[in-house]
Amino acid sequence: MSSSAPRIAFLHTGAVNIAPFGALAAEFLPGATVVNYLDDRIVADLGDEARADSVPERIDDLVRAAAAGGADAVMFTCSSISELAAPAAAVAGVPVLRVDEAMADAAVRSGRRIRVLATLPTTCRPTLGLLQERAALAGVDPEFTSEVIEGAFAAVAGGDRPTHDRLVAAAIERGAAEADVIVLAQASMASAAEAVSVDVPVLTSPRLGVERLAESLSAD
């Protein structure tokens with residue numbers, strides 16, 4: 001990292017995440033320069049057989065752009081592309097952090113029965129994979145269940161955040177009856193956690209992820 005204030009790049013798949021991550025960066029990395037990169041078709045294209053193969057190259061190109069712009073680190077704010085972080089880092093030669101890794105570590109420490117909630121199938125699979133990876137590193141063997149919440153993504157994509165949050169909150173309440181910890185797979189789901197009170201931890205990725213980003217930069 002340079003001796004001046006850090007320059008960090010957030011790579012987003014939805015514009016809805018730009019403002020929340022900017023606010024978290026201001027909290028945890030005051031004085032940092034934040035650059036946002038956005039490809040808002042990635043999530044849709046991951047579900048399109050004709051375009052899914054283009055996503056890794058597009059991600060690599062964006063991370064290269066961040067590196068060329070002097071980024072000290074890049075953070076992927078979307079769990080659907082987390083598994084592309086390591087290859088992109090190798091290509092660009094800059095640290096690339098997964099927003100949900102810190103959340104996954106917290107989850108596997110929080111209990112044996114882990115319930116994953118997502119609003120997109122394309123996010124559910126990589127989140128479960130990440131949780132299994134972090135559980136193995138921690139030497140634990142949790143039980144995983146998951147639910148893709150019908151209608152929630154369509155609501156938020158159409159600008160109806162209240163309906164999205166209501167549907168996610170209901171799923172949190174259902175899951176809390178059968179789990180030791182709830183994991184919200186997408187950063188865009190974090191607002192729903194504020195609207196519900198349950199007796200188990202409800203983990204979201206943005207705050208934990210940016211906190212880890214700050215720790216990694218301070219350690220350099």
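Guide: Helices and strands here are DSSP runs, numbered from the N terminus. In this predicted model, the protein has ten helices and eight strands.

Visitor: How compact is the protein for its length of 220 residues?

Guide: Its radius of gyration is 17 Å, close to the 17 Å that the globule rule gives for 220 residues, so the protein is as compact as a globular protein of that length. Along the principal axes, the C-alpha atoms fill a box of roughly 50 × 40 × 30 Å.

Visitor: What share of the residues counts as buried?

Guide: Of the 220 residues, 50% count as buried. As for contacts with a separation of 6 or more, 68% come from residues 24 or more positions apart.

Visitor: Now to a pair of helices. What describes two packed helices?

Guide: Two numbers do it: the angle between their axes and the distance between the axes. Take helix 5 (residues 101-110) and helix 6 (residues 121-138): their axes come within 9 Å and cross at roughly 55°. That angle makes helix 5 oblique to helix 6, because angles from 65 to 115 degrees would count as roughly perpendicular and those under 35 degrees as roughly parallel.

Visitor: Is the crossing of helix 5 and helix 6 left-handed or right-handed?

Guide: The crossing is right-handed.

Visitor: Which residues meet there?

Guide: From helix 5 come Glu-101, Ala-104, Asp-105, Ala-107 and Val-108, and they meet Leu-130, Leu-131, Arg-134, Ala-135 and Ala-138 in helix 6. Sorted by class, this contact has seven nonpolar residues, three charged ones and no polar ones.

Key
Residues are numbered from 1 along each chain as its sequence is written. This is a predicted model: local features need pLDDT of at least 70, side-chain atom pairs count only at pLDDT 80 or more; totals for chains, interfaces and linings use all residues. Side-chain values use heavy atoms; hydrogens and water are left out. Axes are lines fitted to C-alpha atoms, for helices over the stretch in contact, and angles run from 0 to 180 degrees between N-to-C directions. Helices (H or I, at least four residues) and strands (E, at least two) are DSSP runs, numbered from the N terminus. Angles under 35 degrees count as roughly parallel, over 145 as roughly antiparallel, 65 to 115 as roughly perpendicular and the rest as oblique. A crossing is left-handed if the near helix is turned anticlockwise from the far one by less than a right angle, and right-handed if clockwise. Contact means heavy atoms within 4.5 Å. Ala, Val, Leu, Ile, Met, Phe, Trp, Tyr, Cys and Pro count as nonpolar, Asp, Glu, Lys and Arg as charged, and the others, Gly among them, as polar. The radius of gyration is taken over C-alpha atoms; the globule rule is 2.2 Å times the number of residues to the power 0.38. Buried means under 20% relative accessible area, exposed over 50%, partly exposed in between (1.4 Å probe, protein chains only).
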